[in-house]
Amino acid sequence: EEGMSMRISNIEGSVVKSDDRYTVVDNTSLDRLVVSSTELLPNKSTSGHSHDDQEEVYYFVKGGGTMQLGDEVYEVVAGDVILIKGGLFHKVNAHADGCYFVCVFEGKRKH
């Protein structure tokens with residue numbers, strides 16, 4: 001089995017969502033994990049979602065904004081890592097400079 005190397009700014013996947021808010025790219029090269037990137041445009045928000053049986057790790061690479069986790073809202077900037085337990089609602093809101101983040105989740109996309 002061979003590994004793979006990529007740059008955090010280009011995860012070398014396929015565009016799975018794209019609209020006036022963001023572009024989402026998924027790399028599905030691994031068997032059990034998906035590596036996904038989101039380029040969230042200035043002052044835009046993700047839809048927000050939760051999934052009972054899927055944990056996620058978000059890593060903010062550039063820009064900033066806020067991240068809602070359940071009823072709490074946290075400021076996020078480049079370099080921040082957010083751990084999300086299964087079943088916890090989460091949503092990202094970009095500030096005026098937008099933001100780019102990468103997330104890793106187990107299994108297949110459910111949102």
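1. From the N terminus on, the elements of the protein run β-β-β-β-β-β-β. That makes 7 strands and 0 helices. Both kinds of element are DSSP runs numbered from the N terminus: helices are H or I with at least four residues, strands are E with at least two.

2. This is a predicted model, in which local features need pLDDT of at least 70, side-chain atom pairs count only at pLDDT 80 or more, and totals for chains, interfaces and linings use all residues. Residues are numbered from 1 along each chain as its sequence is written, and side-chain values use heavy atoms, with hydrogens and water left out.

3. On overall size, the C-alpha atoms fill a box of roughly 40 × 30 × 25 Å along the principal axes. The radius of gyration is 13 Å, which agrees with the value near 13 Å for a compact globule of 111 residues. That radius is taken over C-alpha atoms, and the globule rule is 2.2 Å times the number of residues to the power 0.38.

4. Of the 111 residues, 35% count as buried. Buried means under 20% relative accessible area, exposed means over 50%, and partly exposed lies in between (1.4 Å probe, protein chains only). Contacts are heavy atoms within 4.5 Å; among those with a separation of 6 or more, 62% link residues 24 or more positions apart.

5. Strand S3 (residues 33-40) is largely enclosed by the rest of the structure, because 6 of its 8 residues are buried. Strand pairing here requires that DSSP finds at least two bridges between the two strands. S3 pairs with strand S2 (residues 22-27) in the antiparallel sense over 6 bridges. Val25 stands opposite Ser37, and Tyr22 stands opposite Leu40. S2 and S3 form a hairpin with 5 residues between them.

6. S3 also runs antiparallel to strand S7 (residues 90-106), to which 8 bridges join it. In this pair, Ser36 has Cys103 of S7 as its bridge partner.

7. S2 is mostly covered too, with 5 of its 6 residues buried. Strand S1 (residues 14-18) is antiparallel to S2 and joined to it by 4 bridges. Ser14 has Asp26 in S2 as its bridge partner. A hairpin of 3 residues leads from S1 to S2.

8. A nonpolar core is a set of buried Ala, Val, Leu, Ile, Met, Phe, Trp, Tyr and Cys residues joined through side-chain atoms within 4.5 Å. The largest one has 17 residues, of which Tyr58, Phe60, Met67, Ile82 and Val92 touch the most other members. The elements giving it two or more residues are S2, S3, strand S4 (56-69), strand S6 (81-84) and S7. S7 supplies the largest share, 6 residues. Apart from this core lies another, of 5 residues, including Ile11, Val25, Val35 and Tyr100.

9. Which residues does Tyr58 contact, leaving aside its neighbours within four places in sequence? They are His49, Met67, Asp80, Val81, Ile82, Ile84, His90, Val92, Phe101, Val102 and Cys103.

10. The structure holds 0 disulfides. Cys99 is in none, and the nearest cysteine sulfur, that of Cys103, is 12 Å away. That distance is too far for a bond, since a disulfide is a pair of cysteine sulfur atoms within 2.5 Å. Cys99 counts as buried at 1% relative accessibility, and Cys103 counts as buried at 5%.
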